[in-house]
Amino acid sequence: MTAPVKTPNKRPGESLLRRFTRHQLFIPLAALALLILFNLIADPSFFAVSMKENSLGNPVLSGNIISVLDNASELVILAIGMTLVTASSGGQDISVGAAMAIAGSVILRLVCGGQAAADTLQTPLLLAVLAGILVSMIFGAFNGALVAYFKIQPMVATLILFTAGRSIAAWINNNQLPIINDIVFKYAGTFLPGIPVPTPIFITAFIVLLFWLALKFTNLGLYTQSVGINASSSRLNGLDPKLIKLLTYVILGVCVAVAGFIRVSRSGSINYSRIAENIEMDAILAVALGGNALSGGKFNIYGSILGAYVIQFLTTTLYKYEVPSTALPAYKAVVVILLVVLSAPVVQEKLSSVRKSPAKAAKEVS
Amino acid sequence: MPKGIAVDKQGRIKERTAMSDTNLLLTITIVVFFVLYLSAIFFLGGGFTKPQNFLNILNNNASLIVLACGMSLVMITGGIDISVGAVTCLVCMTSAVNLEQQGGSILTVILIGLGIGLAFGVVQGFLVAHLGIQPFIISLAGMFFAKGMTTIVSKEPVRVTNEGFLAVKETRIIVPGLGSTNKLGQYVPAYVEVGVVIALLVVALLFCLLRWTKLGRSFYAVGGSSQSANMLGINVRRTRFLAHVLCSLLAGLGGILYFLHVGSGDVANGAGDEMNAIASSIIGGTLLTGGVGNVIGTFFGVLSLNTIKRIVSSLGFDEAWWSNITVAAMLCLFLVVQSVVLLRRNKSK
């Protein structure tokens with residue numbers, strides 16, 4: 001299978017610059033470059049990375065760049081799953097935040113053994129995480145079945161879990177807020193002993209590698225795209241579009257569980273109504289920023305990953321300039337609107353015609 | 001003569017037309033609402049038998065009715081607007097600050113509400129209709145913007161003490177013939193708040209707009225198939241633009257009604273109302289694919305949603321999470337029923 005087509009068809013006489021600006025990754029790369037440039041000019045110390053001691057006395061890397069890479073982990077993992085779902089079903093899963101709460105709640109209930117607080121792991125960590133993944137896959141299959149077999153629009157189908165998810169998460173733990181104090185549980189969300197780089201970065205790298213392999217050596221990418229582009233003709237070609245749609249939702253379920261595990265592992269506790277709040281919006285934005293059509297079809301998973309990092313970079317930059325966290329959405333919204341307006345086809349055409357016209361005029365004169 | 005065409009006495013051809021999708025879904029919704037409410041009266045009795053309890057559903061949800069109707073309009077044209085809840089919140093907060101700290105009056109509150117709504121509508125509508133950006137992304141940004149702006153206006157809850165405003169807020173319109181006698185044997189008249197009257201007026205106006213005006217019919221045409229609508233000579237862009245403007249304007253009005261009901265500005269005002277509005281529209285038979293829907297259905301959608309919430313809490317499931325889970329279960333049930341009904345109809349065609 002070939003990698004997803006990144007460059008639009010080459011046109012004769014197209015300059016290198018134009019081919020670059022037409023590239024799918026142009027928008028996220030340009031946004032990233034702008035953010036880096038802004039930070040370089042405003043305060044170069046933004047990029048400083050230093051060694052510090054954390055609360056356990058271990059030397060760890062700290063700095064804004066590390067924090068961007070670390071905090072973007074959940075978003076990157078979600079964005080990967082969201083890209084697949086978007087490509088196959090032409091819609092987005094808005095329940096990922098609520099599903100993360102469910103996965104986190106299941107994991108915490110198991111490691112705390114159903115008590116309000118525990119000092120040691122009551123269930124082996126691996127078992128608890130696998131249980132979280134399993135539950136998350138079941139909810140993913142529920143969403144997928146509604147979308148694929150009942151032909152309900154993805155946003156509406158996942159609205160069900162979006163509404164109920166956080167309540168289900170609270171119900172799993174009888175509305176208690178369990179706290180786990182075992183340091184082993186926090187390895188995944190903070191630091192492994194002796195390693196100065198935050199663990200979520202490794203987990204993200206592992207997941208990205210996994211998907212890179214899956215896209216390279218299986219037909220996952222090809223099938224997903226063909227179902228997204230035209231479900232009925234892919235059925236005539238012997239694919240089962242319903243099953244493939246369902247599969248992408250189950251894969252997203254796995255991503256959600258991993259992201260949920262990282263999130264609860266950071267603090268060792270959970271707040272049902274606030275955990276991963278609004279993350280579904282960020283994940284969808286990451287997919288859109290990466291230049292993927294939200295109406296499905298062709299996708300570029302690396303665009304979404306880059307998009308997720310850009311969003312986290314923006315968040316961290318805004319925090320650095322002491323924008324209150326509650327006012328953050330307003331600034332984010334302005335940036336998002338600017339980006340989508342710039343990447344809108346109508347605007348792109350206008351821009352390219354502006355660029356063309358001087359050249360045309362020069363030709364006519366000669 | 002082909003089957004399915006009957007001829008009446010005068011020899012005119014009477015086509016036996018099947019019910020349209022809109023009417024079928026509307027009928028399902030209304031039947032479900034009455035079944036729900038009547039069974040609540042028979043099996044639970046108590047509070048459900050009192051007319052005032054029914055009117056309280058209206059009192060508490062006047063703003064949601066308006067929001068959901070606006071949402072239905074956009075959904076009929078095939079779009080979506082998830083910024084309405086946040087716009088409600090922004091309107092409440094700005095109005096409260098205006099009344100308390102800038103010496104505003106009820107008139108400025110109305111101007112602020114409609115102005116904010118109009119501004120959101122024009123910007124979002126332009127971006128969606130003329131630049132062809134997905135409405136979900138645009139209204140998502142709109143929601144973020146409104147949420148952020150609310151906290152910039154004021155982070156602390158603002159309680160309103162303006163007398164002119166409170167007088168309007170406390171105005172109760174007596175509904176004749178629905179009162180009941182309380183334990184002391186006194187007659188307590190049933191009442192609705194001012195907001196309910198406005199909300200019902202909005203429903204009636206929108207019903208007429210969708211049913212009998214050129215603009216209303218073009219909403220359905222654009223939602224059904226924008227290409228065919230274009231070929232019919234309908235200005236698709238203008239129609240989409242107007243749908244978004246109307247929806248946001250109604251969100252502004254919904255904000256005023258919400259403010260009128262709670263009488264304070266708070267960051268948590270209208271939280272999750274965009275989802276409640278979408279859920280009500282869907283329960284009311286509006287399809288997100290566009291072209292199918294009705295504001296009367298949406299009105300009953302809001303009522304059904306809140307009736308089921310009340311039934312669940314009166315069954316003894318008081319914890320907050322039960323209400324959300326039931327709403328979701330109901331949404332799920334409706335979606336599956338709609339999908340099965342529509343799939344079977346399309347197959348039989």
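Here are a few friendly questions and answers about this predicted two-chain model.

Reader: What ipTM does the predictor give the complex?
Author: Happy to start there, with the scores for the complex. The pTM is 0.80. The ipTM asked for is 0.74.

Reader: How many residues does chain B bring to its contact with chain A, and how many does chain A bring?
Author: Let's take chain B's side first: α5 (135–153), α11 (273–283) and α13 (320–348) of chain B each supply at least two residues. By class, that side has 25 nonpolar, seven polar and three charged residues. The counts for the contact are 35 residues from chain B and 37 residues from chain A.

Reader: How many of the 366 residues of chain A count as buried, as a percentage?
Author: Chain A has 16 helices and four strands. Among its contacts between residues at least 6 apart in sequence, 76% join residues at least 24 apart. The buried share of chain A is 48%.

Reader: Over which residues of chain B is the pLDDT below 50?
Author: Chain B has a mean pLDDT of 84, with 91% of its residues at 70 or more. Where pLDDT is low, the predicted coordinates should not be read in detail. The stretch below 50 has three contacts beyond near neighbours in sequence, and it covers residues 1–5 of chain B.

How values were computed. Residues numbered from 1 in each chain as written. Chains lettered and ligands numbered in written order. Predicted model: local features only at pLDDT ≥ 70, side-chain atom pairs only at ≥ 80, totals over all residues. Contact = placed C-beta atoms within 7 Å. Nonpolar A, V, L, I, M, F, W, Y, C, P; charged D, E, K, R; others polar. Buried ≥ 20, exposed ≤ 12 C-beta atoms within 10 Å, placed from the backbone. pLDDT = per-residue confidence, 0-100.
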